[in-house]
Protein chains: 4
Amino acid sequence: MNFASDNWAGAHPRILDAVVRANDGCAPSYGGDALTKRVENRFSEIFAHEVAVFFVATGGAANALALSQICPSWGMILCHEESHIQMDECGAPEFFTGGAKLLPVKGVAGKLTPAAVKSALAGFPERPPHGMPARALSLTQATECGTIYSVDEVKALCAAAKAAGLKVHMDGARLANALASLGCAPADVTWKAGVDVLSLGATKNGCLIAEAVVFFDPAAAKDFIFRRKRAAQLFSKMRFIAAQFDAYFDGRLWLDMAAHANTMARALSAGLAGIPGVKIWYETQANEVFVSFPPGAAEKLRAAGATFYPWVTPGDPASGTMQRLICSWATSEGEVDAFLEAVRRA
Amino acid sequence: MNFASDNWAGAHPRILDAVVRANDGCAPSYGGDALTKRVENRFSEIFAHEVAVFFVATGGAANALALSQICPSWGMILCHEESHIQMDECGAPEFFTGGAKLLPVKGVAGKLTPAAVKSALAGFPERPPHGMPARALSLTQATECGTIYSVDEVKALCAAAKAAGLKVHMDGARLANALASLGCAPADVTWKAGVDVLSLGATKNGCLIAEAVVFFDPAAAKDFIFRRKRAAQLFSKMRFIAAQFDAYFDGRLWLDMAAHANTMARALSAGLAGIPGVKIWYETQANEVFVSFPPGAAEKLRAAGATFYPWVTPGDPASGTMQRLICSWATSEGEVDAFLEAVRRA
Amino acid sequence: MNFASDNWAGAHPRILDAVVRANDGCAPSYGGDALTKRVENRFSEIFAHEVAVFFVATGGAANALALSQICPSWGMILCHEESHIQMDECGAPEFFTGGAKLLPVKGVAGKLTPAAVKSALAGFPERPPHGMPARALSLTQATECGTIYSVDEVKALCAAAKAAGLKVHMDGARLANALASLGCAPADVTWKAGVDVLSLGATKNGCLIAEAVVFFDPAAAKDFIFRRKRAAQLFSKMRFIAAQFDAYFDGRLWLDMAAHANTMARALSAGLAGIPGVKIWYETQANEVFVSFPPGAAEKLRAAGATFYPWVTPGDPASGTMQRLICSWATSEGEVDAFLEAVRRA
Amino acid sequence: MNFASDNWAGAHPRILDAVVRANDGCAPSYGGDALTKRVENRFSEIFAHEVAVFFVATGGAANALALSQICPSWGMILCHEESHIQMDECGAPEFFTGGAKLLPVKGVAGKLTPAAVKSALAGFPERPPHGMPARALSLTQATECGTIYSVDEVKALCAAAKAAGLKVHMDGARLANALASLGCAPADVTWKAGVDVLSLGATKNGCLIAEAVVFFDPAAAKDFIFRRKRAAQLFSKMRFIAAQFDAYFDGRLWLDMAAHANTMARALSAGLAGIPGVKIWYETQANEVFVSFPPGAAEKLRAAGATFYPWVTPGDPASGTMQRLICSWATSEGEVDAFLEAVRRA
C-alpha cells in the first residue's frame, strides 16, 4: 500500500525496454547522438511549436535552471508558498540563479490567483535599486495539493504576470497528470496560455531518470547549454535519457500512465469520503489526495504497512493532521481497496 | 522640512572634525593603523564584552556579511517581512550567503514575536535534505516601523531562536535610537539578551560612512576577514572610518544624537495626533513616525517642500496611504513646527 | 572505430541487467531504499575503510561537490592546467564552491609533482586577507593524458599538500583504469596515500549513469546532503544508480572492464609506435593514447570512419597536431587492428 | 620613509576640504543629490565621451563589479598572473561574477602582450559547453609592476581582445599615474583605444575613499544599479564620495598628484640605480620601484624605519629578493633622500 510518492514506483516496462534497446553500440556523447536529436525534435511535435529542450538529472535541476535563465540574480520570483521550489529543493533555485529571491504567495489548495499575485507585487513596490524587481512567476501544474489550473486560469495568471513584466515558468513535474485530467493538448496549457519555459517531469510518471527543460521560444535558451554544463547537469550517455522520453511519448504512454494514476486517486478519494471521520482537504483533480484521519488512525495504517507522508499548510495549525496520499502509474485497484479497507478498520 | 530619511542629514561637526584630524601623515592601510586598532578595542568597552569588530562600507554590507557568517548557503534566515534585509537590499543577503533563503514572517508594527517565529518554523518542517534548515533569525532594533523591542522581548525572541537551533543577528542600523529610548546599556539588549552578531550602523546617526559588524564571540568571526575582503568591503584608508566611530562614542555623542532624533519624532507624532483626519499607525518609540494624511494632503505637503516617502505593509491594502517621516540628529524643532503648521493648513 | 571517448560506449550487459532487476515494485525514494543502503555500505568494503558515499549525476558534479566541501568560497584549489576541472566542466567547480579559484599548475604528461605544487604556492604567498588561501589540491588518477600516478607519487603529492594545509581531492573518473594498471588495492592509492575525498566515476567504464563522491572520513561529509540536494543532484529513484554500482563491483567487473580498455590502448599504442611518422606523446599507462599523425592522415582516418578528438597542451604550439585516442570496455581487438591498418594506409 | 603603499598616505588637503564643504545641510541620499549628479556628469567631460559612472567603496569592488557586467558566470577573464584581480582581491571577481574563471597569463614586468593573449586563448580552445568561453580581458594601467602600456600597446591588446570576442576592462587604480607619465588625454588610452569599462581609482592618489566604475557605452551599464546595490556598494551619503572626485578633477589636481608621485619614484629609482649591489627590476614608469637589495640590507632599512613590502614573480625563484617601493602624492624629496642615504649605509 504505497501512497508515499509517485517516485517510489519503478519504471514502466516499455520505458525500461527502451533503455535496454538504446544500449546498442557506440554513440556520440553529451547529446550528440541521433536518438537524442530525434527525441529533442519530438518535443516540438508534442507541443505543436518549435521548442528548445534540454534533458537534466532531476526535477529540481529543471526548475532551478529554467528559473536561472529567466530571472537575474537580483530578481524576484513569485511562487506559491507550498510550491516545490520554495519548500522542497533545499535552495536550488536560489543557488542556480545566484541568489534570486523567492517571494512566497499564499493561495488555497496550492493555487495562485491573479489577485494574490497582484497583492504580492503591491506589497513589494518597485524602488530600484533597493527592492529586488520581480522578474518571474512560477506555477505548478498539477499543483502540490493535487489540484489543477484550468486553461483559463493559467491564461489569467500569465496575463497578470506579463502585465507586470514577469516571465512565466511552469513546474510540470506532474504536467501529464494535469493534461490527462484536463483533456487538452499540451500546447493549450503551456505556450498558448502564456508559459515561457516548462520543467517537464517524467520520472514520477513511469521513467527512471527523465527530466527536461522546455523553452517555447528557442531564442530564449541562448547560452543555456553553458548553464546546464556548469551545473553539472549534462549527461555524457544522453541516449539513455532520450530513450525514456521516446517510449514515454510513444502511443500516448505518458498520458495513459497519468490517467491511471488520476483514476486511482479519485477512487481513493471517493472511497475515503464515504468513511466517517475522514476529512478530504482538496478536490482530487490529479493523482494526490489530502486527507485527515481520525486520531490514531494514521499510526495504525502505517503499522499495517501503508506508506504516506504528513503535509502542512504554513500558518494553519489545523493542517497539522493532514496526510498526503499519492497514486502512480503502478498503483493497483487492489492496493486502493486494501487501503480503504484498512482505513475502515482503523 | 526633511523627513525623507535620516541618511539625508550630513555628518555631525564632531564626526567631521575627527575625520579631518585623522588625516595626519602616513598610516598603515587596511586597518593596520593604530587608530583603527584603538577604536576596535573601544567596541569591547562599549559592549562590556570582548568583541570582534569589522568596519564595512554600508549597512547592507554589515547585514549581509554578518548573515553569511552564521547561515550556510543552504540555510534559511527568518526575518520580518518588512525588514530591511528582505525589502531594501536588493538581495545582498542572498548574494553574500551564496543563496540562503529569507523566510519573511508577519508581525504588527515591524516586530516579530516568539509565537510568529514558532509558527513560521512549523510551516517549514525540517525534512533534510529537502527543506532548507532554518539557521538564523534576524531582528531589527529599532524596527523598520519605528518601534522598539524591550530587553525582555529580545530575550524571548533569542530564546525561541536558540531553542530551534538558530543563531541571532540584530540589524542595528538604528540601535542608538533604541538604546536612547530604552535607557539600557548596549550589552543589555545585545549579547546579554542572546544576540550573536550585530550590525551597528552609525551613518544614519551623524556619521559620513561608518558601519560595523560586531561578533560577541570573537571565535565566531573565524575567517570573516576573508569574507569581508572578497566582498570588496575592506577599506584601504581605514583610519577614516575608525575616526568617525571614535568621535561617535566620545562623550556619548551617539546616544545624544539619537535621543535628539527620537525627541523630534515624538514631538512630530504628538503634534500630528492632535490634527483631525491624521492617523498615526504605530507608537513613536524611536525616530520614525508612520502616518496617513487626509486625501490630497501629502501632495500639498510635498509641494510645500516637505520630503517624505510612502510606506506599504505587505498584504494590507489599507496601508496604501501610509507615509513615513524620519527625524535625525539634525532635525530642528523649527522644522517640526513648520511641518505641523503645514499639515494643519493642508 | 570509436576512439572518441570511453563515454561513447554503451553499458556493459551485466550493468544493464542490474538496472532491469532493480525495477521490481516500489521502493523508498531519494536513497532510502534497501539496495542503495546496501551498495553504499559496499563502498566501505571496496575501500577497506568506513566511508561516506553519495551518488550524483555526473563526474563534473562529483568533482565540484567534493571540492565545495573541502574548499571555502574564498579558497584556492591547485590543479593541473589540463585537468578536467580546469578545462572541461564549464566552471562547475567555481560555481559549486561559490567562487573558489582554481590555480592551474603545469606538469608533464598531465602529472603534478610536489615541486610544481610548492612552486605554485610560492608564487601565491599567503597574505591574509588579500590573497586567497590555498585549501585544496586536486589530482586526477588516471590523468587526462592517460598516465598514472604510482602509489608513491600520490603519497608524495598528498604529503606536500598536507604540509601546506591543503585537503586532497582525487578525480577518479578513470580510477578503475589506474587500479587495473597499478594492480594495487583501491585503498592503497586513495586514503592510505592521503586522499581525503574521491570522485569515483563508473559511467565511462561500462555504466549508464553512475558517479559517486566518497569521503574517507565520514565526519568530513557533514551537511553534504544539503549540498547535493541544493545542487539538484539527488536522484529520486536512486535504486537505479545503486544497482549499477552493485553490478560494477560484482566479480571485479569494474577492474576487468578497465583492464580490457587498458589492454586495447596498449595494443593501439604499440601498433602506432611501429608506424613511421607517428609520434606517441605519453606513455600509455591507462586507456588513452596521445598521438600525432603525419600531415593529412588524421583527416583521412576520420573520413574512413574513425572517431577521435584533438588535444592541446596549453602554451605548447607543437602540441597543435596532437590527437587523443580512447579505448573503452567495449573496444574490440578488431577495431584496434582496423584502425592500425587504416593508419598504415593513411 | 613610507614606501609601503600609496594607500598609506592620507588625503590631499583640497580633497578633505571638499568633503567638509559637502557637509552642508540635508541632501537626497543614494546619489540623488545635486553634487553627485554634477560630478557624474563631470566624468563625461573628463573622458570626452558620454559615460555612465558609478561610485563604489573600494578598488576591488570597482574591478569585480565591472567584470561581473561584462562576463557571465560561465565565462573566462584573461588577466596578468600578477594582476590585482588575480592576486590581491581574495576572489572578489569570482564572487561578484558568480564564479567566472580568471585565466592567469604570464608577461614581463606586469604587462600583457597580444601574443601572450592569443597563446592563452589557444591553450583553452572553445568547445562549448565544456570549456568556459573567454569573454573578457582585464588590463592594469599602470601595471602592478609600475610599468605603463603605451597608447599603441593598449590599442593592440584591445584589438586582439575584440578579435576574440572579448570585452576589455581596465583596472585604473593608478590610471592617473599612467596619464601623468604618458601625457595623453584620458580618452586616448581608454575608450579611444578600445577599453569598454574602467575602474578609476582615486583613493591611492590623494582621496579618502573614492573609486568609480566608468562605462564608456552607457547602454552597457543596463541593470548595473542592481549589481551595485546587491553588492552593498551603494553609499547612502554619496555626496561625500562625489565631493572628493570634484576636488580631484579641479585644476588637474589628480594629474598633479600623480605626476609628483611619479617624479619621486623616478628620483628614487635613479638614486638606487647608482648604488652598487642594488638591482632595479623594471623601468620606473609610474610611482613604483622594484628592487633587490644586497643581502641583509632590507632588514636594516626596515629597522631604520623604512616601510616597504616584498614582491614575488610567480615561477621565478630569483624574484624572492624583490622589494616594492611605492611613492605617493605625499612622498617628499626629503623622504627619498633619506631613504637613499639609508640604502647607501645598509
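Me: How do chain D and chain B lie on one another, by what turn and shift?
Reply: This is a predicted model, and in it chain D is laid on chain B by a turn of 180° with a shift of 0.0 Å along the axis, giving an RMSD of 0.0 Å. The two copies are thus related as by a two-fold rotation axis.

Me: Which residue of chain D comes closest to that axis?
Reply: That's D:A57, with its C-alpha at 3.1 Å from the rotation axis.

Me: And what surface do the copies meet through?
Reply: The same one, because 100% of the interface residues of chain D are also interface residues in chain B.

Me: Switching to chain A: how many residues of chain D are in contact with it?
Reply: 15 residues of chain D, and they touch 15 residues of chain A. On the chain D side, seven are nonpolar, five charged and three polar.

Me: Now the sheet in chain B. What's the strand order?
Reply: It's an open sheet of four strands, β8-β9-β11-β10, with antiparallel pairing. β8 (279-280) and β10 (309-310) of chain B are at the edges with a single partner strand each, so one side of each has no neighbour in the sheet.

Me: How many bridges do β9 and β11 of chain B pair over?
Reply: Five, linking residues 288-292 of β9 with residues 322-326 of β11 in chain B. One pairing to look at is B:S292, whose bridge partner in β11(B) is B:M322.

Me: Which helix lies across β8, β9 and β11 of chain B?
Reply: Helix α11 of chain B, residues 253-273, and it runs at about 20° to β9(B).

Conventions: Residues numbered from 1 in each chain as written. Chains lettered and ligands numbered in written order. Predicted model: local features only at pLDDT ≥ 70, side-chain atom pairs only at ≥ 80, totals over all residues. Pairing = 2+ DSSP bridges. Helix = DSSP H or I, 4+ residues; strand = E, 2+ residues; numbered from the N terminus. Contact = placed C-beta atoms within 7 Å. Axes fitted to C-alpha atoms, helices over the stretch in contact; angles between N-to-C directions. Nonpolar A, V, L, I, M, F, W, Y, C, P; charged D, E, K, R; others polar. Least-squares fit on C-alpha atoms with pLDDT ≥ 70 in both.
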